[in-house]
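Dear colleague,

Please find the structure below.

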Amino acid sequence: MSSASSINSISPPSPPPSPTMSMASINSDISEQPRKIKVMIIDDNAINLTILSRLLNKHFADTIQLTSVMDSGVSALDQLSKDQVDLILMDIDMPVLSGVQTTTAIRSSDNHDILVQNKNVPIIAVTTSDAAEQRELYRQVGMADCVSKPIALPKLRMAIESAMKTIPALSTG
């Protein structure tokens, strides 16, 4: 190869970025990190809420933003009329409204108070009531999965990952 042909194949350096370019335009080649999913926990037991919150914060910090911790189905329904969530972890055995009743209210087309975006949110039962016929009932009312208490981290991870696959493209905001 002659030195003349190698000189002709060298391209001039590209101009430096304009000082008016935004960071977004500079980083446009870098794939955007997906936003964290917004999770609501519903349980009438403060100890269970604490345990589940800590599990999520410790083991799912990269994917989950704990949005709200509710101590009843009633307070959860109120919150779901105001704030959008991507995933709900729901206790079943609660006073006033059970997890099944709360799920039924969320899924109900008659309940116009719940944000439309929350009507089909994946709901995972987190309960000691996990026999086969109970799990079938949870599916019938619209729950995505069931995780037994005490919570085994691998089972919780599998349930969350499975539910995350059903969440439409997570958009920012």
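Two residues are in contact when they have heavy atoms within 4.5 Å of each other. This is a predicted model, in which local features need pLDDT of at least 70, side-chain atom pairs count only at pLDDT 80 or more, and totals for chains, interfaces and linings use all residues. Residues are numbered from 1 along each chain as its sequence is written, and side-chain values use heavy atoms, with hydrogens and water left out.

S68 lies in strand 2 (residues 64-70); helices (H or I, at least four residues) and strands (E, at least two) are DSSP runs, numbered from the N terminus. Apart from neighbours within four places in sequence, S68 is in contact with V39, M40, I41 and Q79. The relative accessibility of S68 is 9%, so this residue counts as buried (under 20% relative accessible area, with exposed over 50% and partly exposed in between; 1.4 Å probe, protein chains only).

K149 sits in the loop between strand 5 (145-148) and helix 7 (153-166). K149 is also buried, at a relative accessible area of 19%. Residues up to four places away in sequence aside, K149 touches D43, N48, D91, V126, T127 and T128.

Helix 7 also meets helix 3 (residues 46-59): their axes are 12 Å apart, at an angle of about 75° (axes are lines fitted to C-alpha atoms, for helices over the stretch in contact, and angles run from 0 to 180 degrees between N-to-C directions). In this contact, L52, L55, L56 and H59 of helix 3 meet L153, L156, R157 and I160 of helix 7.

Yours sincerely
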